[in-house]
Amino acid sequence: MPMELIFLGTSSGTPTRHRNVAGLALRSGGAWDLFDCGEGSQHRIAQTSLRLQRLRRIFISHLHGDHCFGLFGLLASRAMDGAETPVTVIGPTGLEDMVRTVLSRSATYLSYPLEVIEVAETGGRVQEDPTRTVDALPLAHRVTSFAWWIRESDRPGAFDAARAADLGIEPGPEYGRLKAGETITLADGREVHGIDLVGPPQPGRILIIAGDNSDPAGLLARTGPVQVLVHEATFTEDVVAELGDDQGHSTAARVAAAAANAGVGALVLTHFSPRYAPDAAFGAGTPSLPRETGRTIGEVRDEAQRHFTDGLHIAEDLAEFELSRAGVLQRRDSASGDG
């Protein structure tokens, strides 16, 4: 079953005409998780095939408004949609007080159980079940911020049904026992070992979805290679030089170089400063920025490509990606997604 990544917001700080603030859905099967929930996230969700009733977890990387101000409205809308299944919200210390206060002061009633899990500044395991683990990794930012290190469990190897048939084993309960690695005895007394009919385990997929962070190399030093890294690239190097301060954020060059050095399979950049207009929109007579700077998203792409080439993606709102069982990331819609 593929994993789907659906970007709901790719701007930093404030939305623009073309980009909402932070939000990313990760769907596997029908159920899905949300990573950050900036203001307006539910409007973007309404433009996708995502259903609020199938939402199970919300991971908030940090408590800056562009990453969490949409949370309260989304929780309320899910209740108004009649959802009854529980939702878990996971994030830094202070998150529960924020959520409970807004819901209480606004007299918002939820029709479903809500659990809020606060993560210590040092991070740690926040989810573990038979299918995957999720760890919170502390990042370098102006406030407590986390990356979510998602590791899927290894899957059993493929069962060789053709070889089983050659051995005279009919489909049925014996197949299940053999797939589980058991040994069975056939009617003629032969013993067949399940381990001989099952291929090697298939490694689970590994990805990182990071919040705001000025030290991507430090992050990847803790995890080793991953198949997919979703990471902010708020600025380019020349903008940081102009500002004289990275403000706790990364540049495209910084992230791309770290990803290349760490052997990352696919890099998806997001959380771009509003100063970067879409390539096609800039100069077309349609204002796209709160303040015109003359910069375009192409500068971000070009800077990253000098360090990381194959597997580089520049995220757009509503862009959808598919991560195959083999760990290969591909964009699913027709647009290029690179500007």
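P216, A217 and L220 of helix α7 touch R254, V255, A258, A259 and A262 of helix α9, contact here being heavy atoms within 4.5 Å. Seven of the contact residues are nonpolar, none polar and one charged; Ala, Val, Leu, Ile, Met, Phe, Trp, Tyr, Cys and Pro count as nonpolar, Asp, Glu, Lys and Arg as charged, and the others, Gly among them, as polar.

This is a predicted model, where local features need pLDDT of at least 70, side-chain atom pairs count only at pLDDT 80 or more, and totals for chains, interfaces and linings use all residues. Numbering starts from 1 along each chain as its sequence is written, and side-chain values use heavy atoms, with hydrogens and water left out.

The axes of α7 (216–223) and α9 (252–262) sit 8 Å apart, at about 20°. Axes are lines fitted to C-alpha atoms, for helices over the stretch in contact, with angles from 0 to 180 degrees between N-to-C directions. Helices (H or I, at least four residues) and strands (E, at least two) are DSSP runs, numbered from the N terminus.

Now the sheet: eight strands make an open, mixed one, ordered β6-β5-β4-β3-β2-β1-β18-β19; pairing takes at least two DSSP bridges between two strands. β6 (114–119) and β19 (329–331) each have a single partner strand, so one side of each lacks a neighbour in the sheet. β3 (31–37) and β4 (55–59) pair in the parallel sense over four bridges, with D33 partnered by R57 in β4.

| Helix | Lies across | Angle |
|---|---|---|
| α3 (residues 71–80) | β3, β4, β5 and β6 | about 170° to β4 |
| α4 (residues 95–105) | β5 and β6 | about 150° to β6 |
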